[in-house]
Amino acid sequence: MTWFPEPVSLRSPRAIAVMLFLLCLGLVPVVAAALEQSFYVTLAARILILGLAACGLNLVLGYGGLVSFGHSLYVGLGAYVVGILSFHGIGSGWVHLGATIALCGLVAFLTGLVCLRTSGMAFIMITLAFAQMFFFLGVSLKQYGGDDGLQIATRSDFGAWLSIETNSALYYLTFALLLLTLYLSWRFVHARFGRVLRGAKSNLQRMRVLGFPVARYQVVAYAVSGALCGIAGMLLANLTRFVSPAYMSWTLSGELIVMVMLGGMATIVGPLLGAVVFVLLETVLAAYTQHWMLVLGPIIVLIARFAKRGLYGLLK
Amino acid sequence: MTLLSTRGLTKRFGGLLASDALDFEARPGEVHAVIGPNGAGKTTLVNQLIGELAPDAGVIEFEGRDITRLPSWRRALLGLSRSYQITSIFPEFTALENVALAAQAHRGHSFGAWRPARQEEALTRPALQSLEEVGLAERQGALAAQLAHGERRQLEIAMALVSRPKLLLLDEPMAGMGRHESERLVKLLDRLKGRYTMVLVEHDMDAVFTLADRISVLVYGRCIASGAPQEIRASVEVRRAYLGERYAAH
Amino acid sequence: MTWELAFLQALNGLQYGLLLFLLAAGLTLVLGIMNFVNLAHASLYMLGAYLGASAFAGSGSFLIAGAAAVFGTLAIGLAVERTTLLAFYARDHLDQVLATFGLLLFFNELVRVIWGPQSMYMRPPDGFTGTVSLFGALYPSYRFLVIVAGLAVALGMYLLIHYTRIGMLIRAGASNARMVSVLGVNIRLLNTLLFGMGAALAGLAGLMAAPILAVQPGMGDNVLIVVLVVIVIGGIGSIRGAFFGALIVGVVDTVGRTYLPLALRQVAERTIADAAGPALASMLIFLFMAVVLAFRPQGLFPARR
């Protein structure tokens, strides 16, 4: 069995750039410890988590052409799974992970069934509406903090061998999951399932006439995408030891879309690259002024206007 | 013996009657050409047969089974295949990938998320065969977006053929082709005669009279004549429809 | 549960619905005819509220506040359209969504810079601070004004759409936008007109809402999503759909929030009902939208093709 789903020359500049990029990300905790700036680990962990969510979104947005403006819903759900289970004394990380995948996958499947009855701008609006619905649900659940959110006492317990109590450990768990996601996405995109999704984005009508029940594949892809975002949410809740309805805000959905577009839609590494650049940009701007959104807002408009193939596309 | 038939097929677009209680049938193994002046409803017929357009009234039957309400993808799996008048391919995929995708629909489910599709013999072998049949084999690695117009039309046919359909609906396959390309395509379709049942919508009369076993003439959504090529060629009705009253009788 | 309370809640639902209609009417035309997803509509609403509230605080005149809200928002809307949005008309929906999202975030911050992060409050205009008597029940007169204004705008739109040339173009555009431009109508002018109308209505909605809700940064965000639900339920591009969709959503939401928790208490244990009641009530209109989509994806009153 070949390990690469497509012919890749490990000596090409692009491959080297990607490997260096991933290597740098892997070395962040080491560098941070050396510089005694533990803040970097927290920041980088947040970048990786959002990158993971962006990769999940990219499956349906970049490759599938489905503009979902409600993916923050699954990030929030994953976070709430950790929050609520911890609240009731269930601290096992494995249970958290399983419950996240199951719940987010299921919710994504069901909302996908409804949303995929429409297309175009109606689809965008409906995904947004469903995310908002869960936002209100979160706000009204007073016993879990409502609008103020819920503190999480301890991080998910994955057993003595896989403790994520330290930020570095959590970082490496996130990094490992991210690498796994990148690899599996890469395989997915070049396999039959990926071709159906990409074909549907390219020419939906032809796909149907060729004999593909396209909606079935889109719904399943949507569910997988939701589960991935859920895992990101689970990690986010662990990082901040906190969860609130803000994790489901549509602002976050929009930011995820910006990351995917900025980094490169329909590329494997693009969303991660987009997450890195976007969060760093946000951080740097926030350091200069508290009104950084006055700058970031127009930058987003410019990205929408000019980012044809994204940053990763510049590498090709 | 009928492979595909319609009874009373009716389709309206606002005030325009595109199909007027149309009765049509295709017999196994034949090449049944559908001709008629522009706006006669030929493409509308094909769209309804393949399931892209829902008729307002009437019944469509395939192999004795009512498929009027069946979605396109199910009809494709029953053995109906179609090529488009305005090329409808996947520009970002290579020629081989285009045809392999067409083959994929008929070879099991597509939930596979691990094995690279390019390594699947079950997909690439029939795809290559199909490309060879239409004469596009050397261009298999070219992106569909970079193919010339005539090559794209060939790709269209290859995609329609790879699933070994029971009935091939060809919507003006010669559209926009130069003389040499048209001749080549006619030769290809001639080779396929007998192996595939074809419904051929065309304006190119040379192609029609070379290939057709039967010809139906559509005018304003109705079939005004149907029969062997010589009958149609001699028919006054048909001449009237094409040439107008003044020139019909001569 | 008295009849008087039910009547007053129904009126509140009507008032909320008409406010939603003001926003939905402008937006549905932009979505349906111009095929342009404009999230920044929320910003126009918010700016209308801020401009109106400021003008009222400065002048004490509701009419001046109205002019400031409507014309100010119209001017800003057209300026934004000419400078920024024009480039996105030909782009796909994803680009439009992102661009207008960026504008939305920008304007939320802009009002924070200009007016500060705290909420601003506007009192109802003089003469409308009391109550009116409707069928024996006492209803806040300002809210009644909103209802009257909303119905007046609805009537005005009906007359515009069905009895003027512009209205005919709008109906034609809603039915087949491409054909309208092919027929030689100055499509740029029509687009600007539509966008401007939407902006003015949004500004008016903002002004009308200011005495009822708190004027704060981001006040348009949640409302926008409800407006999108209205448009989906009513049918994209349909003013009729916007009207009935808005009324349905307004009444269902208002009445639902009041009575669903009460109804739940009858059938379930009190603690569960008290927890689930408000939660379900806030989800109600979205669930309603899901049901409509399941059976009629094109909406309840789609613009006829």
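How far apart are the nearest C-alpha atoms of chain B and chain C? I looked this up in what is a predicted model, and I found that chain B and chain C do not touch, their nearest C-alpha atoms being 9 Å apart. I then went through the pairs of chains that are in contact, of which there are two, and noted that chains A and C share the most contacts.

Next I turned to chain A, where I counted 13 helices and two strands. The radius of gyration of chain A is 19 Å, close to the 20 Å that the globule rule gives for 316 residues, so I noted chain A as being as compact as a globular protein of that length. Along the principal axes, the C-alpha atoms of chain A fill a box of roughly 55 × 45 × 45 Å. I also checked burial, and 54% of the 316 residues of chain A count as buried. Among the contacts in chain A with a separation of 6 or more, 78% come from residues 24 or more positions apart.

Last, I looked at chain B, where strand β6 (residues 80-83) pairs with strand β7 (residues 167-171) in the parallel sense over four bridges. Within this pairing, I found Ser83(B) opposite Leu170(B) in β7(B). Which way do the residues of β6 in chain B point? I recorded that Leu80(B) and Arg82(B) point one way from the strand, whereas Ser81(B) and Ser83(B) point the other way, and that all of them are buried.

Technical notes:
Residues numbered from 1 in each chain as written. Chains lettered and ligands numbered in written order. Predicted model: local features only at pLDDT ≥ 70, side-chain atom pairs only at ≥ 80, totals over all residues. Rg over C-alpha atoms; globule rule 2.2 N^0.38 Å. Buried ≥ 20, exposed ≤ 12 C-beta atoms within 10 Å, placed from the backbone. Contact = placed C-beta atoms within 7 Å. Pairing = 2+ DSSP bridges.
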